[in-house]
Amino acid sequence: MARALGFPDIVVQGMLSICWISELMTRAFGAGWFCGGQLAVNLVNVLWAEEVVGTHGRVRESLPEGRHSRVHVDVWCEKSDGTKTVVGRASALG
């Protein structure tokens, strides 16, 4: 189908990368992600089948929020050649 639409190979659906970012946040913040997580990302490049991609996050800041704190994280997915496919921000209760 991808070739019929003019693509040279299979395009990996963007939600898969977003799921990987959610997994990253789950491992880092657990219930703080499930009970108060927020995510805003942009799909910025195509991920082709068979390409290797890594999911990354860098804590930007932690701010008080009620009895907790909210941890703000820059998140992205990156191909092995350094090309970013998804960029954005996430936050969770810490």
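Colleague: Is Asp74 buried, partly exposed or exposed?

Modeller: This is a predicted model, and the accessibility of Asp74 is computed from it. A residue counts as buried under 20% and as exposed over 50% relative accessible area. Asp74 has a relative accessibility of 23%, so the residue counts as partly exposed.

Colleague: With which residue does the side chain of Asp74 meet in a salt bridge?

Modeller: In general, side chains of opposite charge can pair when their charged atoms come close. A salt bridge requires a nitrogen and an oxygen within 4 Å. For Asp74 the N to O distance is 3.7 Å, and the partner is Arg89.

Colleague: Which strands does the pair of Asp74 and Arg89 tie together?

Modeller: The two residues are 15 residues apart in sequence. Arg89 is partly exposed, with a relative accessible area of 49%. Both also belong to a network of salt bridges that includes Arg60 and Glu61.

Colleague: What is the order of the strands in the open sheet?

Modeller: The sheet has four strands with antiparallel pairing. Its edge strands are S1 (38–43) and S2 (53–65), each of which pairs on one side only. From one strand to the next, the twist averages 15°. The order is S1-S4-S3-S2.

Colleague: Which residue in S3 stands opposite His56?

Modeller: S2 and S3 (residues 68–79) pair in the antiparallel sense, over twelve bridges. His56 has its opposite residue in S3, namely Trp76.

Colleague: Which element gives the most residues to the largest nonpolar core?

Modeller: This core has ten residues in all, among them Ile21, Trp33, Val71 and Ala92. Helix H1 (14–29), S3 and S4 (84–93) are the elements that give two or more residues to the core. The element that gives the most, with four residues, is S3.

Colleague: Which alanine residues does Trp33 touch, not counting residues up to four places away in sequence?

Modeller: Trp33 is itself one of the residues of the largest nonpolar core. Its contacts include Ser22, Met25 and Leu39.

Colleague: How many disulfides does the structure hold?

Modeller: Cys35 is in no disulfide, since the nearest cysteine sulfur, that of Cys19, is 19 Å away. Cys35 is also exposed, with a relative accessible area of 65%. The number of disulfides in the structure is zero.

Colleague: How many residues apart are Glu51 and Lys79?

Modeller: Their side chains meet in a salt bridge, at 3.2 Å from N to O. Glu51 is partly exposed, with a relative accessible area of 32%, whereas Lys79 is buried, with a value of 9%. The pair links distant parts of the chain, the loop between S1 and S2 and strand S3, which places the two residues apart by 28 residues.

Colleague: In which helix do Glu23 and Arg27 both lie?

Modeller: Glu23 forms a salt bridge with Arg27, with the closest N and O atoms 2.7 Å apart. The two residues are four residues apart, about one turn of the helix, and the helix is H1.

Definitions and conventions: Residues numbered from 1 in each chain as written. Predicted model: local features only at pLDDT ≥ 70, side-chain atom pairs only at ≥ 80, totals over all residues. Heavy atoms only, no water. Pairing = 2+ DSSP bridges. Axes fitted to C-alpha atoms, helices over the stretch in contact; angles between N-to-C directions. Disulfide = S-S within 2.5 Å. Buried < 20%, exposed > 50% of the residue type's maximum accessible area, 1.4 Å probe, protein only. Core = buried A, V, L, I, M, F, W, Y, C linked by side-chain atoms within 4.5 Å. Contact = heavy atoms within 4.5 Å.
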